[in-house]
Amino acid sequence: MRLWSPMTVALFFLLTLSTFSHQNNAFVTSRIMPNRLSGTSSYLTNKELWYSQTLDHFSPYDHRRFRQRYYEFLHNFRLPDGPIFLIICGEYPCNGIDNDYISVLAKKFGAAVVSLEHRYYGKSSPFSSLRTENLRYLSSKQAIFDLAAFGQYYQESLNMKLNRSKAENPWFFFGVSYPGALSAWFRLKFPHLTCGSLASSAVVLAVYNFTEFDQQVGESAGAECKVALQEINQLIEQRLATDGKAVKALFGASELEIDGDFFYFLADAAVMAFQYGNPDKLCTPLVQAKKARGNLVDAYAKYVREYILGDFGANVQTYNQKQLKNTTLSAGSTDRLWWFQVCTEVAYFQVAPLNDSIRSRKVDTSYHLDLCKNVFGEGIYPDVVATNTYYGGTKIAGSKIVFTNGSQDPWRHASKQISSTDMPSYIVSCHNCGHGSDLRGCPQAPLSIEGNAQNCSSPDAVHKVRQQIIEHIDLWLSQCQDSARSSM
């Protein structure tokens, strides 16, 4: 590590203070995750920085390393002892630091913001080939050790820039969805390295048969929309049996040769509306079509083509097992990588409930297990018992973790929804409060700048939970600083 000269240190101070002054004068599977849906204009920064990361944290003999991408945003940083907010990136390319509600919190607390790309995703892949044997180092366990190693590196680098030694800024971790789980798990395993964590829509419970997922979709849809979706599913199953090519073409999904893949795609298309805060885009046209005795399948196909594949930007290839088997590293590798984590650690198998399902029964446990075998080979299946034993599931024995969930989000049933000692849990309740609504506002996709809650059906519900988050961050950062002072 190269030491900084006095001139470089002085330059760092000038640049940081200049940026700080200017800012004051201005002002986390369905298979598609929210942070993958941000445009370049919504980033606080997209300037790439690099860290040399250990490949295998659990081997004393393997000293291989790989380049891991990260970002920093120092506009609000209160020198020299302000907090450091670490935003955990997850199962998607991390192309910058999103300008969501965390940016508001950074201004309030005078925090530096850093964000580390998850190993294997985006530009942080250790290998050029994603053969199954090369994916052995892709796990949540390795990922939280990545965060620990990176945090120590960043603190040491900051100390050198500030010409000091052994100083420690207070850290606070943030994550939404799977990164929300990582945020909670990091605080569980490394409580001495962070003052606390926000675990937004954090899927901490590995679930083998996740029937509660579709049950929540039906509840969020409401009676009329739910009945319409169920009728659509029945009609499509009938038409697929007689003219499969035509019905798949109607939905822009001709390349999905496996019927299970097609039905998964159709189910996910409905899920997206509730998960990301756009329920009326789905339900309004379907309910209208049903009341008018119109063609429900055509109405749903129009929604899928124009909104899901159009405005929303989903890609049919995400659901194609032929594409998932592709081992060449590319922009489309994200889906294979996440499915590997699904097939080895967490499952989250979104299967049809026995009764009252809106999902085809073809999307069952066997479909998921066959996918894991077909894509990754024999012997690949999720050991959810081991995962929940290691982390604790919803009985996580952590501390100073805030859990938040949106009332309409089907993923909340894999999260901790009941408060316990030093781990409060809040539900953000409104008609369009879905995945990560506490940080992303409404709708959750596309991103609302600074997590604007104005378009939430109940902005007050969002503001009340955010005030609770602020109070916990304030308390836990203060406790960290008091502890640091008493140990000096």
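The largest pocket of this predicted model holds about 870 Å³ of space. A pocket here is an open set of points on a 1 Å grid over the protein atoms alone, with protein on both sides within 12 Å along at least five of seven lines. As for ground rules, local features need pLDDT of at least 70 and side-chain atom pairs pLDDT 80 or more, while totals for chains, interfaces and linings use all residues. Residues are numbered from 1 along each chain, and side-chain values use heavy atoms, without hydrogens and water.

By class, the lining has 13 nonpolar, 11 polar and 7 charged residues.

Now turn to a helix pair. Helix H7 (residues 259-275) packs against helix H9 (residues 296-311) at about 65 degrees, with their axes 11 Å apart. H7 is therefore roughly perpendicular to H9, a term that covers angles of 65 to 115 degrees. The crossing of H7 past H9 is left-handed. On the H7 side, the contact (heavy atoms within 4.5 Å) involves Phe265, Leu266, Ala269, Ala270, Met272 and Ala273; H9 brings Tyr300, Tyr303, Val304, Ile308 and Leu309. This contact has 11 nonpolar residues, with no polar and no charged ones.

Note on methods. Axes fitted to C-alpha atoms, helices over the stretch in contact; angles between N-to-C directions. Helix = DSSP H or I, 4+ residues; strand = E, 2+ residues; numbered from the N terminus. Parallel < 35°, antiparallel > 145°, perpendicular 65-115°, else oblique. Left-handed = near helix turned anticlockwise from the far one by under 90°. Nonpolar A, V, L, I, M, F, W, Y, C, P; charged D, E, K, R; others polar. 1 Å grid on protein atoms, 1.4 Å probe; cavity = no way out; pocket = protein on both sides within 12 Å on 5 of 7 lines; lining within 4 Å. Points joined across faces, edges and corners; volume = space filled by probe spheres on them.
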